[in-house]
Amino acid sequence: MEWLRLWHDMPTDPKWRSVARTSGQPLATVIAAATFLLTNASANEDERGVTQCDAETVASVLDVTEEAAAAILLAMEGRVLDGGRWINWEKRQPKREDSSAERTRAYRERRRKETRCDAPVTQGDAPERDTDTELDTEKDLSSLRSDRAAAYAFEGEVIRIDDAQFRRWGSAYYTLDLVTELTGIDAWLVQGNRRENWFFKVPRMLEKKHQQIIGDGIRAQQAADVVVLHPDPTAGVV
């Protein structure tokens, strides 16, 4: 049987709340999705730590809509996933296999260290800070933030969609200036604290505006046809 390690604060990790808020999905659904994606990445025989799931698979497993699953996956990118790979996988899932004997030896070693009467560490003996590592970490975080920003075709306070979703909406609501509409809807969501389930609210609002424009065009054309079919009989009479 294959095993997967879970860190102690995994269920309460604040990143899940961030993903839930960004995706507009319930926190419980986000945690369930994260657990499934972790087990899936662990079972990847070709490259452990890399998920092999798309939105359709996640939706099927969790019994949610594909749109909801896609929103969660997108929100996870840059937070816990990097192109489908779990960030810090090697740290969370070391390759060693801990047997019972190994755990017992480790426990006894810790007990020996705890009972040892070592002298307190003075300021002069304290280890120096690894500034190079800290700088590298800052660079990695900066690069990760840049990559995450580049992953969005539109990024507002609430609405964040990738290029594929942007093109889908652009094709479906072709009468609209999509960037202008999304900017306005994003502001409306923020002002009214209407973030929850935004992924479903946005297309409904776009569809309503799209149909309104189409309807206005049809009515205008019908009015023009009436004028042509029934010209003013007094026109041209002196």
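A helix here is a DSSP run of H or I with at least four residues, and helices are numbered from the N terminus. The model is predicted.

**Exercise 1.** State how confident the prediction is, and which elements score lowest and highest.

Solution. Then go to the elements. Helix 7 (residues 131-150) has the lowest mean pLDDT, 54, and helix 9 (residues 178-191) has the highest, 93.

**Exercise 2.** Classify the packing of helix 2 against helix 4, and describe the contact.

Solution. Step one is the geometry. Helix 2 (residues 27-42) and helix 4 (residues 66-76) pack at an angle of about 70°, and their axes are 11 Å apart. Angles of 65 to 115 degrees count as roughly perpendicular, so helix 2 is roughly perpendicular to helix 4. Step two is the residues. From helix 2 come T29, V30, A33, A34 and L37; they meet I72, L73 and M76 of helix 4. Step three sorts these contact residues by class: seven are nonpolar, one is polar and none is charged.

**Exercise 3.** Find the largest cavity and determine which helix gives the most to its lining.

Solution. First, count: there is one cavity of 30 Å³ or more. The largest cavity has a volume of about 30 Å³. Next, list its lining: T22, A71, L74, A75, Y152, R160 and W198. Helix 4 gives the most, with three residues. Finally, sort the lining by class: five residues are nonpolar, one is polar and one is charged.

Conventions: Residues are numbered from 1 along each chain as its sequence is written. This is a predicted model: local features need pLDDT of at least 70, side-chain atom pairs count only at pLDDT 80 or more; totals for chains, interfaces and linings use all residues. Side-chain values use heavy atoms; hydrogens and water are left out. pLDDT is the predictor's confidence in each residue, from 0 to 100. Helices (H or I, at least four residues) and strands (E, at least two) are DSSP runs, numbered from the N terminus. Axes are lines fitted to C-alpha atoms, for helices over the stretch in contact, and angles run from 0 to 180 degrees between N-to-C directions. Angles under 35 degrees count as roughly parallel, over 145 as roughly antiparallel, 65 to 115 as roughly perpendicular and the rest as oblique. Contact means heavy atoms within 4.5 Å. Ala, Val, Leu, Ile, Met, Phe, Trp, Tyr, Cys and Pro count as nonpolar, Asp, Glu, Lys and Arg as charged, and the others, Gly among them, as polar. On a 1 Å grid over the protein atoms alone, a cavity is a set of points where a 1.4 Å probe fits but cannot get out, and a pocket is an open set with protein on both sides within 12 Å along at least five of seven lines; lining residues have an atom within 4 Å of a point. Grid points are joined across faces, edges and corners, and a volume is the space filled by probe spheres set on the points.
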